[in-house]
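Open the model in your viewer and keep the selection tool ready.

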Amino acid sequence: MRRAVCPGSFDPVTNGHLDIIGRASRLFDEVIVGVLVNQSKSGLFTVEERIDMLREVTSSYGNVRVESFRGLLVDFCRAQQASVLIKGLRAVSDFDYELQMAQMNIGLAGVETLFMPTNPLYSFLSSSLVKDVAKWGGDISAHVPDPVREALQTRLGPRP
């Protein structure tokens, strides 16, 4: 079985993330969306909330499952019996960092990294940007699925 991991913090998941997950689901028998548990960072949403949102918005893919992990990504890949990582790239600046990580991951555990260029519609999109726009009452409906938009509006409350 060809199995891949698509890792991230997903705080929150955006349409850019979903583009990469959906495209990966067509290339692999199973895609595991790995939600990083980073105790040194406090996110807007808890890990459990992010997992719930991801499960809801990826439910139409029969071969995508969502799990959390802590520690080394390569250890998570081993536990999931996945030998490939999927990473979306928005810009050249993403590549510089991700290349170093990919080289470390193959050296540590033989885990390959597949870089997918993002759809140009989402090349500027990040979770941080979405949260910032939502915080000030901006329209984020084109950038996140409806359940995520609703969760952001609930969490951040009405804005002037």
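**Stop 1: two helices**

Select helix H2 (residues 47-57) and helix H6 (residues 146-156). Their axes come within 10 Å and cross at roughly 150°. That makes H2 roughly antiparallel to H6; the label is for angles over 145 degrees, while under 35 is roughly parallel, 65 to 115 roughly perpendicular and the rest oblique. Axes here are lines fitted to C-alpha atoms over the stretch in contact, and angles run from 0 to 180 degrees between N-to-C directions. Helices (H or I, at least four residues) and strands (E, at least two) are DSSP runs, numbered from the N terminus.

Now show side chains. On H2, pick Glu49, Met53, Glu56 and Val57; on H6, pick Pro147, Val148, Ala151 and Arg155. These make the contact, meaning heavy atoms within 4.5 Å. The contact of H2 with H6 has 5 nonpolar, no polar and 3 charged residues. Ala, Val, Leu, Ile, Met, Phe, Trp, Tyr, Cys and Pro count as nonpolar, Asp, Glu, Lys and Arg as charged, and the others, Gly among them, as polar.

A note before moving on: this is a predicted model, where local features need pLDDT of at least 70, side-chain atom pairs count only at pLDDT 80 or more, and totals for chains, interfaces and linings use all residues. Residues are numbered from 1 along each chain as its sequence is written, and side-chain values use heavy atoms, with hydrogens and water left out.

**Stop 2: another pair**

Next, select helix H3 (residues 73-80) and helix H4 (residues 92-109). At what angle do their axes cross? The angle is roughly 55°, and the axes come within 10 Å. That makes H3 oblique to H4. Leu73, Val74 and Arg78 of H3 meet Asn105, Leu108 and Ala109 of H4. By class, this contact of H3 with H4 has 4 nonpolar, 1 polar and 1 charged residues.

**Stop 3**

Go to the loop between E1 and H1, where you will find Phe10 and Pro12. Most residues other than glycine have a negative phi, and most peptide bonds are trans. Phe10 is not a glycine, yet has a positive phi of about 55°. A cis peptide bond joins Asp11 and Pro12, with omega about 0°.

**Stop 4: the lining of a pocket**

Finish with the lining of the largest pocket. Select strand E1 (3-8), helix H1 (15-27), H3, strand E4 (84-89), H4 and helix H5 (127-135); each supplies at least two residues of this lining. Which element gives the largest share? H4 does, with 7 residues.
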